[in-house]
Amino acid sequence: MSVYPPADDRLKHLLAQEINTSVGTWKLAFWIADGIVKSPEIRAELERIANAHHAVQPCGDRHCARCFEAQTAPPTQETSA
């Protein structure tokens with residue numbers, strides 16, 4: 001069974017899909033996305049965010065919906081039996 005895009009290109013394809021809504025051609029969208037996924041700074045930031053999420057810690061990114069929801073959720077009350 002073939003999966004497209006290949007696992008090593010999924011990030012690039014997802015970025016290109018988003019970029020393509022703002023640029024004129026897929027070729028340009030893929031060129032921009034390729035530069036993004038090859039950026040060491042962006043890769044390091046993705047790694048930092050993933051590590052924080054794996055450790056069940058807030059990542060500190062103000063655009064992270066998961067962390068925002070966790071920070072703004074009402075505190076849960078434990079019931080004692």
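A disulfide here is a pair of cysteine sulfur atoms within 2.5 Å, and by that criterion the structure holds zero disulfides. What you have above is a predicted model. Its protein chain contains four helices and zero strands, and along the sequence these elements follow the pattern α-α-α-α.

**The chain as a whole**

- The protein chain has 81 residues, and buried ones make up 19% of them.
- Among contacts with a separation of 6 or more, 10% come from residues 24 or more positions apart.

**How H1 and H2 meet**

- Helix H1 covers residues 10-20 and helix H2 covers residues 26-37; their axes come within 8 Å of each other and cross at roughly 130°.
- Because of that angle, H1 is oblique to H2.
- As for handedness, the crossing of H1 past H2 is right-handed.
- On the H1 side, the contact is made by Leu11, Lys12, His13, Leu15, Ala16, Gln17, Ile19 and Asn20.
- On the H2 side, the partners are Trp26, Ala29, Phe30, Ile32, Ala33, Asp34, Ile36 and Val37.
- Sorted by class, this contact of H1 with H2 brings together eleven nonpolar, three polar and two charged residues.

- Asparagine 20 sits in helix H1. Leaving aside residues up to four places away in sequence, asparagine 20 touches Thr25, Trp26 and Ala29.
- The C-alpha atom of asparagine 20 is 9.7 Å from that of isoleucine 32, which lies twelve residues away along the chain.
- Tryptophan 26 belongs to helix H2, and with a relative accessibility of 42% tryptophan 26 counts as partly exposed.
- With residues up to four places away in sequence again set aside, tryptophan 26 touches Ala16, Gln17 and Asn20.
- Tryptophan 26 and alanine 16 are ten residues apart along the chain, and their C-alpha atoms are separated by 7.3 Å.
- Leucine 14 is also worth a look: this residue is found in helix H1, and its relative accessible area of 52% makes leucine 14 exposed.
- From leucine 14 to phenylalanine 30 the C-alpha distance is 9.8 Å, and the two are 16 residues apart in sequence.

**Cysteines and histidine 53**

- How far is the sulfur of cysteine 64 from the closest cysteine sulfur? The distance is 3.6 Å, the partner is cysteine 67, and the gap is too far for a bond.
- Is cysteine 64 buried or exposed? Cysteine 64 is buried, with a relative accessible area of 12%.
- Cysteine 67 is buried as well, at 7% relative accessibility.
- Histidine 53 lies in helix H3, which spans residues 40-54.
- Which residues does histidine 53 touch, not counting residues up to four places away in sequence? They are Cys59, Cys64, Arg66 and Cys67.
- Histidine 53 is itself buried, because its relative accessible area is 17% and the cut-off for buried is under 20%.

- Valine 56 has a positive phi of about 55° although it is not a glycine.
- Valine 56 is placed in the loop between H3 and helix H4, the latter running over 65-72.
- At 67% relative accessibility, valine 56 counts as exposed.

Conventions:
Residues numbered from 1 in each chain as written. Predicted model: local features only at pLDDT ≥ 70, side-chain atom pairs only at ≥ 80, totals over all residues. Heavy atoms only, no water. Axes fitted to C-alpha atoms, helices over the stretch in contact; angles between N-to-C directions. Helix = DSSP H or I, 4+ residues; strand = E, 2+ residues; numbered from the N terminus. Parallel < 35°, antiparallel > 145°, perpendicular 65-115°, else oblique. Left-handed = near helix turned anticlockwise from the far one by under 90°. Contact = heavy atoms within 4.5 Å. Nonpolar A, V, L, I, M, F, W, Y, C, P; charged D, E, K, R; others polar. Buried < 20%, exposed > 50% of the residue type's maximum accessible area, 1.4 Å probe, protein only.
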